[in-house]
Protein chains: 2
Amino acid sequence: MDNINKKEFKNTFIKCIEEKGLRHTKQREVIVDAFFSAGRHITSEELFNIVKKKYPEIGYATVQRNLNLLCKCCLAEEIKIGKQKTRYEQKYGNMHHDHLVCLKCGRLIEVNDDKIEKLQEKLAKKNNFTPIKHKLEIYGICADCKSK
Amino acid sequence: MDNINKKEFKNTFIKCIEEKGLRHTKQREVIVDAFFSAGRHITSEELFNIVKKKYPEIGYATVQRNLNLLCKCCLAEEIKIGKQKTRYEQKYGNMHHDHLVCLKCGRLIEVNDDKIEKLQEKLAKKNNFTPIKHKLEIYGICADCKSK
DNA sequence: AATGATAATGATTTTTATTATCATTTAGTA
DNA sequence: TACTAAATGATAATAAAAATCATTATCATT
Ligand SMILES: [Mn+2]
Ligand SMILES: [Mn+2]
Ligand SMILES: [Zn+2]
Ligand SMILES: [Zn+2]
């Protein structure tokens, strides 16, 4: 079932690059594969190191560029926490969610709250503001770090 | 009445640097003054340009350093939106608030919603997470940009 | 299969924001 | 006044991400 999702993810990517008149390459294949399989919230550097194992000739720039492309295709999303390197989260088939950010261990905990989402809509409307997306991050100490 | 606030702001700063065993300088005086008087959400560069008028010999590094110091004193707070330069918001006497961020003109609209704040606390607690601070940004199109 | 237009790659450089360095000056005190 | 250490200002270093560019690869067309 994970493979079905992966196939869908890759198909969506292929459709997207075709729509843009871009080309299919071995590098893209390997990068998108690795990005889907890797955990959430990966940096370009981490992905580069993974991809290098399958494709040692790959350049960092290619990984970075294709992560940007995945973002344009709405299959990835940038996450910027403080001064850390940008992380990329895979989006396809994943519900929107917000993050609890542990200030001790850096962990990102994914959360969701419908009521908050609704109230945000309301808040925007009250200001005659058309919301497109949002970012909610709660910084603090996670359960694990507290019990240590 | 604005001057009273300014006096309070500056006194808080003076108290803070004395507690830290730091020194009072003409540069600090001018920078803190300008920072308080300037609008919200200023960049270090913008502040530098303002301060230069009163004190042409000032160095950029000094402005940057003192903004960082103001943050340590909890009199300023960094705001990072996308890839923009860090902006600094004055905090003393200002309620916590969140931001609506216009994707067209870049404007930051300050908003507040008690219900959302409460629900965030609840959400954190549900995850056994101790919240310390949070960031909520809603990106979209502001009223002005819509009417143009 | 060969061609040609152009997108993609990989190595490298550039950009840009922020922090660090360091010689010199200055503040605070004894 | 003199001493100690913080602060300053000019500059360099750092680091992440984007841009550049010569070369290679893709793909529609022949
Ligand atoms: Mn996530
Ligand atoms: Mn604000
Ligand atoms: Zn933690
Ligand atoms: Zn606007």
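This is a predicted model: local features need pLDDT of at least 70, side-chain atom pairs count only at pLDDT 80 or more; totals for chains, interfaces and linings use all residues.
**Conventions.** I number residues from 1 along each chain as its sequence is written, with chains lettered from A and ligands numbered from 1 in the order in which they are written. Local features need pLDDT of at least 70, side-chain atom pairs count only at pLDDT 80 or more, totals for chains, interfaces and linings use all residues, and side-chain values use heavy atoms, with hydrogens and water left out.

**Manganese, ligand 1.** I looked up the protein donors (N, O and S atoms within 2.8 Å of the metal, 3.2 Å for Na, K and Ca; water is not among the atoms, so sites may look incomplete), and found A:His41 (NE2), A:Glu89 (OE), A:His97 (NE2), A:His99 (NE2) and A:Glu110 (OE) at 1.8 to 2.3 Å. Their spacing along the chain is H-x47-E-x7-H-x1-H-x10-E. I noted that A:His41 is buried at 11% relative accessible area, whereas A:Glu110, at 30%, is partly exposed (buried is under 20%, exposed over 50%, partly exposed in between; 1.4 Å probe, protein chains only).

**Manganese, ligand 2.** Here I found B:His41 (NE2), B:Glu89 (OE), B:His97 (NE2), B:His99 (NE2) and B:Glu110 (OE) at 1.7 to 2.3 Å.

**Cysteines.** I counted two disulfides over all chains, a disulfide being a pair of cysteine sulfur atoms within 2.5 Å. A:Cys16 and A:Cys73 have their sulfur atoms 2.3 Å apart, and the torsion about their S-S bond is about -80°, so this disulfide is left-handed. In chain B, the sulfur atoms of B:Cys16 and B:Cys73 are 2.3 Å apart, and both residues are buried.
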